[in-house]
Amino acid sequence: MSLQGNITDLPVEDLLQVFTMQHRTGVLFVSYNQYRAEVYFGKVALHAALIYHLGIPSQSPFLQGLEAVFEILSWPDGKFHFEMESQQWVSANISTSVDYIILEHYRRRDEQAKQSQWLNNKPTLLPNPPVKAQINLELDEWRVLLQINGMASIEQIASKLRQNPEILLVTLEDLQRKGLIELASHPFLADTRPYAPAWSFGSNGESYHHTQYDATLAISYHYRATTVSNGPMEQPAKNTPSTYSYPGEASGYLTPVVVPVLPNPERDKPALPAPSSLQKQNAEPKPKVRRGLLSGIIAKIRGL
Amino acid sequence: MPETQLEILKIVVTGAYAAGKTQFINSISEVEALSTDEAATDPDERSLKEYTTVALDFGKITINPEVSLYLFGTPGQERFDFMWDILAVGCIGYVVLVDSTRPAHLREATNIIQYFNQILDVPFVVACNKQDDPTSLPPDYIRYRLQLPDHIPVLPCIATDRESVKEVLLALLSAL
C-alpha cells in the first residue's frame with residue numbers, strides 16, 4: 001500500500017504524527033527541488049531520516065538524522081509518497097520522539113522569524129550615557145561598538161565582522177545593558193539598559209575619545225594598542241589622549257578597561273539548547289541524603 | 001567499641017575558567033583546601049589569572065564524627081574537562097559559579113550546566129560571583145542569559161566572603 005500527495009495539502013509534521021501514532025512501519029519519500037528525502041518509521045518511533053541531493057552523484061546523504069527531519073519540515077513545497085512495509089531499510093539515526101522534533105521545529109521557525117526582524121534593527125549610540133562608573137569592555141565589544149553608527153543594521157554589522165548574528169546580538173545586548181547603545185524596537189529581548197552606570201571619568205585619560213556634532217552622535221574609541229596586541233581586529237588609531245564632553249557636563253577623561261578576548265570557535269559556537277529544556281541522558285542515579293542528616297548539615301553550615 | 005563508618009557527602013563546585021571556584025572552596029573549608037594549581041599555559045587565560053586548577057580543588061566540612069561534607073572544585077580549563085565525570089560520581093548537588101563581570105564567559109557556563117545536567121540528576125544552584133565588583137551583572141540578568149527556569153536558584157555571591165559562600169551552600173542544601 002502507498003499513500004501519496006503534496007506536502008502543501010498534508011504537511012510533513014502531520015505525516016510524522018499520523019505514521020508514528022498509528023505505528024506504521026515504512027518509508028516516507030519526499031521530493032523538493034533537487035532534494036529527495038527518506039524518512040523511515042519503525043513500529044513505535046521515527047527510525048531514521050536521510051536527504052540526498054540529486055545533483056550530486058554521491059551515494060552518501062546530504063543530511064541525515066535530526067537535522068534532516070528539521071530540513072524536511074522547513075520545505076515549503078514538495079511531493080511525498082509513503083511505502084508501508086518497505087523492503088528498503090537503513091540503520092537508525094534518530095532516537096528522539098516525534099513530539100519533541102515538532103516542538104523544536106516550531107521553536108526554530110519562530111526564532112528564525114524573529115531573527116529576520118531583528119537583523120534589520122539598526123543599533124544607535126546613546127546620546128546620554130551614564131557617568132561615574134567604569135567602562136569595562138572586552139575586545140569583542142569594542143569591535144562591535146566601532147561599527148555602530150545608527151545606519152548599519154545588525155545584519156550588516158555581522159557581515160562586516162564576519163560574525164554569527166546571534167553571537168553579535170549577545171554583544172549588542174551587553175553594550176545596551178552598559179548604557180552605550182540602544183537597540184530600537186527589539187522584538188524579543190527584555191530591556192537590558194543599565195542596571196548600573198557604565199561610564200566614568202577616568203583619571204588616566206589615555207584611551208578614549210568622543211565627539212558630538214550636529215544631531216548625530218559619533219563616537220570613536222581609541223585604546224592602547226599594547227593591550228590588544230594579539231587581537232585579530234584592525235587596530236584603531238594609536239592611543240591618543242583626548243577629551244570627553246557632553247552639553248551641560250564637565251569635560252574629563254574616560255578610561256575603558258580593555259580585556260583581550262581572542263576568537264575561539266569552540267567558545268563562539270551557537271548557543272546550546274537552554275538547560276531548562278534538556279533531557280537527562282545517562283544520568284547517574286540520584287544519591288539519597290537522609291532528612292535528619294540534611295538538617296544536621298544545614299545547621300552545621302549555618303553555624304560556621 | 002565498634003568502628004564507626006565515616007559517611008561522606010560530596011558537593012561539586014564547577015564553573016568556567018577564573019570563575020572563583022578555588023576561592024569559593026577556600027572560603028568555607030575547615031581544612032586548608034587542597035589545591036592543584038599550576039601556572040596557566042594559555043596566553044588568553046593567563047591574562048585572567050596566573051595559576052589554574054589542573055585536577056581538582058578539595059575542601060572539607062565535618063558535620064559530625066560520622067559525616068563529612070566534601071567540596072570538590074572542577075578544573076576550569078577545557079582541556080581538563082575529563083575530570084568532570086570523575087568528580088561528578090556520587091555528588092549530592094553542585095554549584096555552578098559564574099563570573100558576573102565577564103559576560104563573554106556566560107556561554108561557557110551554559111555549556112557546563114548542560115553537561116552536568118546530562119550526567120547528573122541532582123539539584124544545582126548558580127552562584128553569580130564577584131558581586132562586589134561595580135561592573136558585575138545582576139543575578140536576574142545572568143538567569144536570563146543562561147536561560148534558567150525560575151525554580152533553579154541563581155544567587156549573588158562573593159567567593160571571598162564566607163557568609164556569602166554559606167548562603168550559596170545553604171540554598172543548594174535546601175534544594176535537596
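Biologist: Where is B:Thr160 found?

Modeller: Helices (H or I, at least four residues) and strands (E, at least two) are DSSP runs numbered from the N terminus. In those terms, B:Thr160 lies in the loop that joins β7 to α6 in chain B. Residues are numbered from 1 along each chain as its sequence is written, while chains are lettered from A and ligands numbered from 1 in the order in which they are written. The model is predicted, so local features need pLDDT of at least 70 and side-chain atom pairs count only at pLDDT 80 or more, whereas totals for chains, interfaces and linings use all residues.

Biologist: Is B:Thr160 buried, exposed or partly exposed?

Modeller: The classes rest on other C-beta atoms, placed from the backbone, within 10 Å of a residue's own: 20 or more make it buried, 12 or fewer exposed, and values in between partly exposed. B:Thr160 is partly exposed because it has 15 C-beta neighbours inside 10 Å.

Biologist: Which residues does B:Thr160 touch?

Modeller: Two residues are in contact when their C-beta atoms, placed from the backbone, lie within 7 Å. Leaving out residues up to four places away in sequence, B:Thr160 touches B:Gln23 and B:Ser27. The C-alpha atoms of B:Thr160 and B:Ser27 are 5.9 Å apart, although 133 residues separate the two along the chain. The C-alpha atoms of B:Thr101 and B:Leu137 are 6.1 Å apart, with a separation of 36 residues along the chain. B:Thr101 counts as partly exposed because 18 C-beta neighbours lie inside 10 Å.

Biologist: What does helix α6 of chain B pack against?

Modeller: One begins with its length. The expected span of a helix is 1.5 Å times one less than its number of residues. Helix α6 (residues 162-174) of chain B, with 13 residues, reaches 18 Å from its first C-alpha to its last, close to the 18 Å expected. Its buried residues are B:Ser164, B:Val165, B:Val168, B:Leu169, B:Leu172 and B:Leu173. These pack against α8 (291-303) of chain A, and also against β1 (7-15), α1 (21-28), β5, β6 and β7 (154-156) of chain B.

Biologist: How many of the 13 residues of α6(A) are buried?

Modeller: In α6(A), 11 of the 13 residues are buried, so this helix is largely enclosed by the rest of the structure. Among them are A:Ile167, A:Leu168, A:Glu173 and A:Arg177. The end C-alpha atoms of α6 (residues 165-177) of chain A are 18 Å apart, in agreement with the 18 Å it should span. A:Gly179, with a positive phi near 80°, follows α6(A).

Biologist: How is a positive phi to be read in other residues?

Modeller: Most residues other than glycine have a negative phi. Here A:His23 has a positive phi near 55°, and B:Lys130, likewise not a glycine, has one of about 70°. A:His23 sits in the loop between α1 (12-21) and β2 (26-32) of chain A and is exposed because 11 other C-beta atoms lie within 10 Å. B:Lys130, in the loop between β6 (124-129) and α5 of chain B, counts as buried because it has 23 C-beta neighbours inside 10 Å.

Biologist: At what angle do the axes of α4(B) and α5 of chain B cross?

Modeller: Axes are lines fitted to C-alpha atoms, for helices over the stretch in contact, and angles run from 0 to 180 degrees between N-to-C directions. The axes of α4(B) and α5 (residues 139-146) of chain B cross at roughly 65° and come within 10 Å. On the α4(B) side, B:Leu106, B:Ala109, B:Thr110 and B:Ile113 meet B:Ile142, B:Arg145 and B:Leu146 of α5(B).

Biologist: Which residues touch the most other members of the largest nonpolar core?

Modeller: A nonpolar core is a set of buried Ala, Val, Leu, Ile, Met, Phe, Trp, Tyr and Cys residues joined through C-beta atoms within 7 Å. In the largest, of 51 residues, they are B:Ile11, B:Tyr94, B:Val95, B:Val96, B:Val98 and B:Val126. A second, separate core has 24 residues, including A:Leu15 and A:Val69. Buried residues of every kind make up 47% of the 176 residues in chain B and 26% of the 304 in chain A.
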